[in-house]
Amino acid sequence: MEKIKEAVERARSAFNTGKTRPLEFRIQQLKAMERMLKEREKEITEALKADLNKSPYNAFSYEIMVVLQELELTISKLPEWAAPQRVEKNIMVLMDEAYIHHEPLGVVLTIGAWNYPIALILHPLVGAIAAGNAVVVKPSEVSEHTAKVLEELLPQYLDKDLYPVVTGGVPETTELLKQKFDHIIYTGNSFVGKIIMEAAAKHLTPVTLELGGKSPCYIDKDCDIDVACRRVAWGKYMNCGQTCIAPDYVLCDPSIEGRVVEGVKKALVEYYGEDVKKSPDYERIVNKRHFKRIMGLLEGQKITLGGEADEATCFIAPTVLTDVNPNSKVMQEEIFGPILPIVAVKNLDEAIHFINHREKPLALYVFAKDKAIIKRMIAETSSGGVTANDVLMHFTLPSLPFGGVGFSGMGAYHGRFSFQTFSHQRSCLVRSFTMESVNKIRYPPASQKKLDWAKFFILKRCSKSKVGLVVLAVLGVFLAVAIKVITEGAGKGCRELQEQPPLKVNGSELDGSTWCKCLSM
């Protein structure tokens with residue numbers, strides 16, 4: 001356990017040298033990770049095969065390629081993301097510099113999940129490195145072969161001090177959580193999420209939690225049911241149902257329930273053949289503990305399709321349940337396996353009511369030709385993300401933030417959102433020593449005239465639109481003359497102000513006499 005503390009301290013010491021601050025260093029590390037994924041693809045895919053029976057194709061498509069896409073985007077966009085972000089200004093600081101500076105948080109802890117043990121540990125690591133942090137990497141011990149590969153490979157490609165890998169189970173994770181971090185990101189279940197949040201609170205450490213949940217899928221009776229079933233079957237049974245944003249259950253009108261079952265059955269034959277157990281594209285449950293948990297959810301249920309299982313190989317066939325009681329065990333916890341309950345609802349209103357009376361899910365899916373139905377589902381429910389007329393695909397867009405809400409998590413990452421999550425957005429205002437006369441309205445002694453002018457400049461009378469900005473620029477001319485009043489004498493300056501044409505602002509005229517009165521406050 002002492003080694004864990006030393007690894008965290010070494011990471012912080014390395015961060016404190018300032019080594020991660022130059023963008024060149026960050027990009028170098030990201031390119032090294034990219035090289036690792038390409039050069040060591042064979043070792044990685046073999047580990048994924050051993051842990052989850054993932055075929056080389058699926059391992060590359062849903063694990064390695066996801067990270068390569070994120071790396072490519074981040075490397076190309078990092079200079080833009082890290083550049084100072086200019087912000088709007090008001091008239092009080094019109095001639096000054098105001099921007100947001102992105103600085104690294106410090107030392108980040110990323111705790112990965114076992115269902116996608118490469119993607120869900122390296123994906124956030126990309127963002128944390130891009131933002132300039134040191135990162136302690138904790139792979140899931142459940143996917144032990146992949147954890148071992150990460151422990152061996154990462155130090156060969158990334159800076160050993162800045163990005164240590166800590167392996168082990170609950171004791172090691174518990175020890176890690178005793179250490180002080182500047183951010184923690186965790187992917188997993190809500191029970192562990194609460195433990196991590198409690199540990200983080202002791203150090204006031206912010207957290208990003210991606211916690212899953214029961215993601216509903218509403219199928220409208222007037223949609224293209226065959227296409228809907230093909231897409232639902234793909235997303236549900238991918239990775240043997242062990243996907244945090246897989247559709248957990250289907251809501252549909254009783255009149256189409258039989259068509260949905262047949263549509264899913266047809267899609268499964270297309271994807272995996274007549275004997276799914278022999279398909280190289282169908283994964284396995286990660287271990288016997290999870291196998292028994294999932295099989296327990298089938299007790300007392302009406303199995304309309306599938307249901308075959310083999311504990312020795314952790315195989316559970318794609319399964320569909322009908323006549324499901326909403327209060328049954330299978331509807332009370334996240335299934336995280338190849339079981340699809342179908343719950344009958346009379347209409348859209350009942351579906352929305354059903355969803356809203358449960359915890360907020362990580363994802364929500366709706367299939368409908370009528371866009372009004374889609375808009376209502378989005379407007380009247382809450383979830384981490386939504387995909388309409390498909391499943392899972394919102395995850396693939398780096399331009400969309402990925403994360404949960406409420407019981408399904410907090411915070412988000414992917415693309416630029418990862419960079420922002422692992423950065424502190426520092427407010428910066430750099431003022432000049434000129435235009436001091438403008439500050440007169442905020443200096444003591446206070447007066448009603450000063451307050452009136454402050455209201456004029458700062459509140460609604462001064463438009464914030466583009467037209468308003470032009471007006472502010474013109475006001476700057478008057479302010480420049482105002483400075484002359486201070487420096488060369490009120491009499492001469494006021495004469496110059498009075499020679500200026502009246503300025504109209506939101507229907508009011510400001511002439512030189514008015515400006516002279518302002519200066520006499």
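Predicted model: local features only at pLDDT ≥ 70, side-chain atom pairs only at ≥ 80, totals over all residues.
**View 1**
With a relative accessible area of 7%, Thr243 is buried, because a residue counts as buried under 20%. The side chain of Thr243 forms a polar contact of 2.6 Å with the side chain of Tyr116. Leaving aside residues up to four places away in sequence, Thr243 touches Asn115, Tyr116, Met238, Phe336 and Leu392.

**View 2. The crossing of helices α2 and α6.**
Two packed helices are described by the angle between their axes and the distance between the axes. Here, the axes of α2 (residues 23-39) and α6 (residues 144-157) come within 9 Å and cross at roughly 135°. Helix α2 is therefore oblique to α6. The crossing of α2 past α6 is right-handed. On the α2 side, the residues in contact are Gln29, Ala32, Arg35, Met36 and Glu39, and they meet Leu153, Leu154 and Tyr157 of α6. Of the residues in this contact, five are nonpolar, one is polar and two are charged.

**View 3. The buried residues of helix α7 and their packing partners.**
Helix α7 covers residues 170-178, and its buried residues are Thr173, Glu175, Leu176 and Leu177. These buried residues pack against helices α1 (2-16) and α8 (190-201). They also pack against the strands β3 (107-111), β4 (134-138) and β5 (183-187).

Methods
Residues numbered from 1 in each chain as written. Heavy atoms only, no water. Buried < 20%, exposed > 50% of the residue type's maximum accessible area, 1.4 Å probe, protein only. Polar contact = N/O pair within 3.5 Å; in protein donor to acceptor, adjacent residues only side chain to side chain. Contact = heavy atoms within 4.5 Å. Axes fitted to C-alpha atoms, helices over the stretch in contact; angles between N-to-C directions. Helix = DSSP H or I, 4+ residues; strand = E, 2+ residues; numbered from the N terminus. Parallel < 35°, antiparallel > 145°, perpendicular 65-115°, else oblique. Left-handed = near helix turned anticlockwise from the far one by under 90°. Nonpolar A, V, L, I, M, F, W, Y, C, P; charged D, E, K, R; others polar.
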